[in-house]
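Here's a quick briefing to read alongside the model. Take a look at the fold first, then at one helix and a ligand site.

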Amino acid sequence: MNRSTRSSIFITTSLLFSAVGCYDQADGEFARLKDDGSDRLLHTRLVAEGKVAYETHCIGCHGENGDGNGKAAIFLNPKPRNFKLANYKFTSVKSGQLPLDEDMKRTIRQGLKGNSMPAFGQLSDHTLDALVAYLKTFSPRWEEADAGQPIPVVDDEYRYDDDRVAAIKRGEVIYHAYASCWSCHPAYVDGETINQYRRDLGFPEFIAFRDDMHLGVGKDNVEGQLIYPPDFLRDYVRAGADAKTLYRSIAGGISGTAMPTWVGSMAYENEDGEKVVKEEDLWAMAYYVEELIRQRPKKLDDPVEPRDRPRPIYLHGEPPKQDTSDDTTADDADDSEVIDDIEF
Ligand code: HEC
Ligand code: HEC
């Protein structure tokens, strides 16, 4: 580079910055011009910095074009996230919505437990911002929609230590008898107890339970990979095992997987207008799951066998076959995956 090009670059840059500085004092049209121009410039710079950081730290797993097919990906299960789909699982918004920047930064900073996503606690906040800006360039969804609204955090009735036992007990009831989390995750009590809890809440009993109700049921994610919902007594939860994080995972659900959003679907009144289940019970479930995780042994030696499709077992003998449709054969009914009104 000769002296004259160098000085012309210098002049252009200083002009640019003095122009930005000058608009700073202005208002009206000029202020808008300044906002547009300098924001875009800053953003472009941030994305460029993000690209450098991505290529240094992330490319080996998440791949050059963000599709999750980096060189190491074939060795990894679960696979690194495909940023082209913009399905972010561990967020504070409802499943299916775009996450907040803070959600993405938290995952990068803390990593995810029990899989290969490392914690990048050493990176500065600015680098995390740059990475987030760069990750967003992989999917057009970021241009089509805004990030979701943070899910409401209802009052935690059980926030004091004295309330823990009550919270855990209530959580066990709601987990099994109302939310039927065991239609995917394992059940941690037996069928009789679930029906007892249902009677206590004023719900009709279940007539059948799947025969492997103490194991989770694998479900395909959006990319067709089979994912087992964690058994809290033996598997890691990814985002965090404290009640606050569990509240977020349970209330918001997990994008791209079968794990549903629970916030907004907890209020249930019986015929007398009594609130049998309420939003605050989300906290009870969070404490219950937290307690299960606390009981998890440090070391597990029995590997989990791959499982077949679940079949129901009937508590009081097999009910008489109902001839609901012409094409339902006895065999189909035997293999039915529907228990009461819950579909697996
Ligand atoms: C050693 C492999 C590996 C490296 C290196 C890696 N990741 Fe990941 N990352 C993963 C895996 C695997 C997942 C998916 C985990 C899952 O589905 O449970 C993931 C998931 C994510 C997610 C999704 C979080 C969510 O809420 O769904 C983000 C964001 C992410 N990584 C960002 C990064 C960034 C940024 C870097 C570099 C600074 C990086 N990762 C480096 C393996 C890696
Ligand atoms: C329709 C199936 C389904 C139902 C019902 C369901 N889950 Fe899940 N859940 C999943 C799947 C699948 C995952 C694993 C997602 C992953 O790791 O990619 C999961 C993951 C989780 C996690 C782990 C979050 C983390 O950080 O790794 C928690 C906690 C959880 N579920 C709690 C619950 C609770 C409590 C209920 C009942 C209120 C429930 N789930 C009902 C399918 C389900």
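Among contacts in the protein chain (C-beta atoms, placed from the backbone, within 7 Å) between residues at least 6 apart in sequence, 64% join residues at least 24 apart. This is a predicted model, where local features need pLDDT of at least 70, side-chain atom pairs count only at pLDDT 80 or more, and totals for chains, interfaces and linings use all residues. Residues are numbered from 1 along each chain as its sequence is written, while chains are lettered from A and ligands numbered from 1 in the order in which they are written.

**The chain overall**
- Eleven helices and eight strands make up the secondary structure, taken as DSSP runs (helices H or I, at least four residues; strands E, at least two) numbered from the N terminus.
- Of the 344 residues in the protein chain, 28% are buried (20 or more other C-beta atoms, placed from the backbone, within 10 Å of their own).

**Helix H7**
- H7 covers residues 164-178 and reaches 20 Å from first C-alpha to last, close to the 21 Å expected (1.5 Å times one less than its number of residues).
- Its buried residues include Ala-167, Arg-170, Ile-174 and Tyr-175.
- The buried residues of H7 pack against helix H8 (191-201), strand S5 (275-277) and helix H10 (281-294).
- Just after H7, Ser-180 has a positive phi of about 45°.

**Around ligand 2**
- Cys-181, Cys-184, Arg-238, Ala-239 and Met-259 come nearest among the 26 residues around ligand 2 (C-beta atom, placed from the backbone, within 6 Å).
- Helix H9 (243-252) and H10 each supply at least two residues of that shell, with the largest share, three residues, coming from H9.

Conventions. Buried ≥ 20, exposed ≤ 12 C-beta atoms within 10 Å, placed from the backbone. Contact = placed C-beta atoms within 7 Å.
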